[in-house]
Amino acid sequence: MVREDVATGGAFLVLGAGLLASGTMLPAGVGGLPGAGFFPQAVGVLMAALAASLAIRGIRHSATSDTNGGDLRAVAVIAALLFAYLALWGTGFFLVRTAVFILLALRFLGRRWLPSLAFSAALVAFVHIAFDAGLNVSLQ
Amino acid sequence: MRAGRSVGVLSAGILLAACSAPQGPYPAREIKLIVQAAPGGTSDTVSRVMASLAESRLGVPIVCENRPGASGALAFSFVARRSPDGYTIGHAPVEIAIVRSLGYADIGPSDVSLICLVSKTAPALVVQADAPWLTFEEFITEAKGGSGGVVMANSGIGSIWHFNILLMEQGTGARFTHLPYGGSTPALVSVIGGHSDGAVAGVGEVVSHVQSGTLRALAVFDAERSSVLPDVPTTHELGYPIGTPAWSGFFGPAGIDEERVAQLADAFEVAFGSPEWAKLCRERGMQPLFLGREDFESFALQQQQFFEEQVPKLVRLGAP
Amino acid sequence: MVTAELLAGLAAVLDWQVLAFLGAGVCLGAVFGALPGLTATMGVAVLTPLTFWVSPEQGLAMLLGIYCGAIPAGGIPAILINVPGTPASIATSWDGYALTRKGKAGLALGINALASAAGQLTSIAFLAFLAFPIASFALRFGPAEYFGLALLGISLMAGVSGDRVLQGMLAGSLGLALALVGLDPMTAYPRYTFGLSEFLDGISFVPVMIGLFGLGEVLSQVSERRARAKAARIEIGRVVPKAADAKSLLGSTLSGAGVGTMVGAIPAAGGDIGSVIAWEQARRTSKDKGQFGKGSLRGLAASCSACNAAIGGAMTTMLTLGIPGDAVSAILIGALLIHGIQPGPLLFANNQAFVFSIVFLLVFACLMIMAVGLLGARPLAKVLSVPPPLLWAGIIVFGTVGSYALNNAVADVWAMYAAGLVGFVFRRARIPLGPLVLGLILGPMMESNLRRALILSGGDWLALVARPIVAVFLAAAVLSIAWPWIRSRRSASRSNLGPPSSA
């Protein structure tokens with residue numbers, strides 16, 4: 001069994017079935033023409049069929065052991081930082097928040113304090129010049 | 001955040017915020033104008049040109065910001081939620097009177113402070129340049145006789161030009177097969193390419209194609225002839241008083257101080273009188289029309305009422 | 001007669017101020033194209049108001065410079081850091097980044113500069129000599145033809161998936177599903193919007209692209225950073241390809257340019273679709289198919305050439321018919337109108353000198369960006385020696401701010417981050433991302449045009465196939481879906497007979 005394929009297939013099978021089911025609740029077409037629900041159902045069927053065949057292939061074949069480890073904890077931390085940064089969008093002091101975010105991320109990735117501080121200041125200054133002043137984007 | 005501004009302006013802003021009073025000189029800092037469409041289109045050009053012309057009168061910059069989406073509903077709601085201090089205003093197109101009827105957002109002209117109206121654009125019916133129909137009557141007769149044999153491209157279900165096609169069906173008894181597109185341009189391309197028989201779009205959008213000989217305009221949906229298409233008859237002349245125009249105005253959140261609305265309206269009126277504005281209107285096929293606050297209010301409320309009555313009757317979302 | 005017009009057009013352009021504006025536009029465009037989060041469309045849109053205050057030639061020179069500069073520059077981050085700078089350079093990243101990992105970043109950048117210039121020049125030649133035939137071909141595209149084109153594009157999902165065909169098709173179907181969000185294009189009925197007006201217009205494509213390729217790549221590099229630190233190998237190598245290499249690339253470059261021009265000329269289809277079709281076409285006609293996506297010079301040349309040739313195609317439609325061929329030319333039309341110039345058949349008839357001056361502006365812009373690309377290749381490749389964490393921070397910040405700046409919408413930043421997570425998970429599960437993007441771009445085009453075509457045919461599905469262009473597209477689509485199966489059958493039966501060839 002190839003676990004990766006079974007997992008991918010299973011996840012998409014659920015998604016495809018959901019699309020198919022929700023598609024039937026959308027308006028059907030009038031006068032022999034496909035309506036708003038036609039395409040969601042078609043995509044759902046396609047997705048479910050592909051997913052099922054991937055899952056079946058995964059179950060039949062023998063596993064090729066290539067566990068790609070990788071540092072998932074680091075990704076989780078960076079993603080958490082990112083979403084915290086995004087959740088604070090619109091609360092003012094955008095440049096300061098951005099600088100703090102970069103600083104924290106760089107520190108976490110093992111850069112030293114001073115260079116990280118200098119880099120985040122430079123990056124934020126560039127963002128200010130390019131977007132705030134240059135493109136008139138109001139970042140808050 | 002605009003740290004680069006001079007200290008004077010900054011401290012004036014802080015002072016103002018501290019007093020949080022509508023008194024004191026207005027405007028003291030830059031005004032933001034929210035545009036409900038993407039950069040480059042007519043709404044955007046109107047807003048940018050008007051902003052740059054009105055700036056000198058107000059003495060502060062007016063900065064345009066594009067927030068497109070949901071027929072403008074996102075921008076309207078955004079402006080309506082700002083504080084009514086006169087520093088955030090928005091471009092108000094006809095859609096502000098329609099979006100509630102379509103269910104995109106619960107907002108309409110009665111929920112905001114209207115400032116002024118600056119232009120109007122009439123719809124025009126166009127067919128391919130070598131189409132067999134030379135007049136509006138011939139086209140209508142064809143559409144009445146056939147059973148949906150005449151295909152009308154529209155700029156999207158619920159859009160102002162689609163709505164005019166529905167009014168045309170209602171007012172003339174014609175029946176069309178409707179072909180929805182995502183905007184006026186692809187709808188007109190569909191007619192130029194001969195994939196559909198006709199389309200309705202703003203005079204300004206069709207005029208270049210009419211002049212270059214790829215489209216023929218059969219009627220302008222208005223009481224008066226258009227200045228850019230003077231040879232094209234109006235529907236009113238032909239005995240069909242149908243059609244509702246697109247328009248451009250400005251608005252702010254409900255509850256802006258009347259003095260400030262008057263100041264803004266005055267600045268836009270000065271801009272309206274400039275030759276640059278007249279030139280833009282000529283190029284874009286818009287009819288310059290200035291309505292001050294009160295006239296704009298009664299016009300916009302009347303429009304809102306009209307759409308609230310007609311949209312549920314004519315537009316059926318979910319069915320072509 | 002024509003020579004006089006031609007010389008007048010050339011004279012209008014050979015003015016130091018006009019050339020200065022053109023150069024400034026090219027450099028600005030290069031910045032807009034090279035930074036993930038800024039696109040060519042944005043650059044032209046933002047700078048259009050500035051051109052109101054200068055002469056038409058100067059303003060137009062600046063805008064065309066941005067356009068011609070941004071598209072080749074979009075390939076640079078695609079090659080160096082696997083993050084396409086503009087949607088048109090998605091296919092460029094497939095072979096370009098693979099070359100960088102092999103220590104051939106210089107060569108990849110050099111081919112990007114040269115093939116981009118070749119693509120632009122070819123398409124400009126089409127514009128100058130075959131404008132009207134191309135325009136009338138573009139006008140023949142009705143709903144059925146668009147449906148055929150979209151279906152052909154979607155059928156390439158298998159081809160761009162490498163050896164992970166089923167996973168790729170699944171990713172493609174996810175792209176199609178995401179494209180369903182928003183108002184139904186035909187009936188304006190809200191689908192999967194969950195009552196939020198932010199979703200009514202669907203999911204914005206550019207933030208999703210930045211997320212999938214930019215943030216997703218950053219996250220996956222973060223997870224592999226220990227392993228990568230050891231394997232780090234920074235080599236730039238030669239920039240200009242050897243004469244023999246260049247010669248062997250000529251065919252795929254030119255056919256890429258042809259495909260790109262045609263797809264670019266069709267309204268509502270641009271360089272992003274064109275370059276994928278060109279890449280797949282180069283792959284199918286190539287002897288070393290296995291190399292595609294793993295650092296094939298031909299694949300790189302075809303995709304670079306095609307996404308740039310789309311410029312000339314879009315300009316052809318714009319100038320001859322007054323119809324925008326893509327988002328940038330839609331804004332250009334507005335800018336021309338401001339200057340009192342009306343694109344359309346009359347422009348060709350009455351003001352040929354102006355058309356020629358546009359042609360010359362495009363040619364000069366193309367030569368300028370080629371020079372910038374070749375001379376800048378080595379300095380730009382220094383990006384590779386920037387410590388990865390700093391590069392990641394830069395990509396994240398520019399991606400974030402750029403996604404927001406597109407529509408001033410926080411929802412777009414959420415879409416970008418969510419797409420970043422999807423991109424990371426897909427990279428980990430080794431699911432190809434190319435098909436997802438194809439589905440996202442082509443889904444709405446396929447659905448709305450299929451339904452439009454059915455309205456026109458009165459619900460008759462067979463009537464669609466009866467149109468010649470559609471029949472050709474459909475045949476090509478069927479072939480490209482069936483081909484991998486046929487090939488795997490053949491190789492399976494062959495491997496039963498002899499030893500399996502090393503894959």
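Across the interface of chain C and chain B, eight residue pairs are in polar contact, both residues at pLDDT 80 or more. A polar contact is a pair of N or O atoms within 3.5 Å; within protein, one must be able to donate a hydrogen and the other to accept it, and residues adjacent in sequence count only if both atoms are side-chain atoms. Salt bridges between chain C and chain B number zero. That term needs a side-chain nitrogen of Lys or Arg within 4 Å of a carboxyl oxygen of Asp or Glu.

This is a predicted model: local features need pLDDT of at least 70, side-chain atom pairs count only at pLDDT 80 or more, and totals for chains, interfaces and linings use all residues. Residues are numbered from 1 along each chain as its sequence is written, chains are lettered from A and ligands numbered from 1 in the order written, and side-chain values use heavy atoms, without hydrogens and water.

How many residues meet in the contact? Chain C gives 37 residues and chain B gives 38, where contact means heavy atoms within 4.5 Å. Together the two chains bury about 3,100 Å², 65% of it on carbon and sulfur atoms. Buried area is the accessible area (1.4 Å probe) that two parts lose on being put together, summed over both. C:Thr187, C:Asn408 and C:Arg452 supply 15% of the area that chain C buries against chain B, more than any other three residues.

Now turn to chain B. One open sheet has six strands in the order β2-β1-β3-β10-β4-β11, with mixed pairing. Strands are DSSP runs (E, at least two residues), as are helices (H or I, at least four), numbered from the N terminus. Two strands pair if DSSP finds at least two bridges between them. β2 (62–66) and β11 (287–291) of chain B stand at the edges with a single partner strand each, so one side of each has no neighbour in the sheet. Inside, β3 (88–93) and β10 (246–253) of chain B pair antiparallel over four bridges. There B:His91 stands opposite B:Phe250.

A second open sheet of chain B has five strands, ordered β7-β6-β8-β5-β9, again with mixed pairing. Its edge strands are β7 (177–180) and β9 (215–220) of chain B. Five bridges join the antiparallel strands β5 (123–128) and β8 (198–202) of chain B. B:Leu125 stands opposite B:Val200 in β8(B). Helix α8 (203–211) of chain B packs on this sheet, touching β5, β8 and β9 of chain B.

Definitions and conventions:
Axes are lines fitted to C-alpha atoms, for helices over the stretch in contact, and angles run from 0 to 180 degrees between N-to-C directions.
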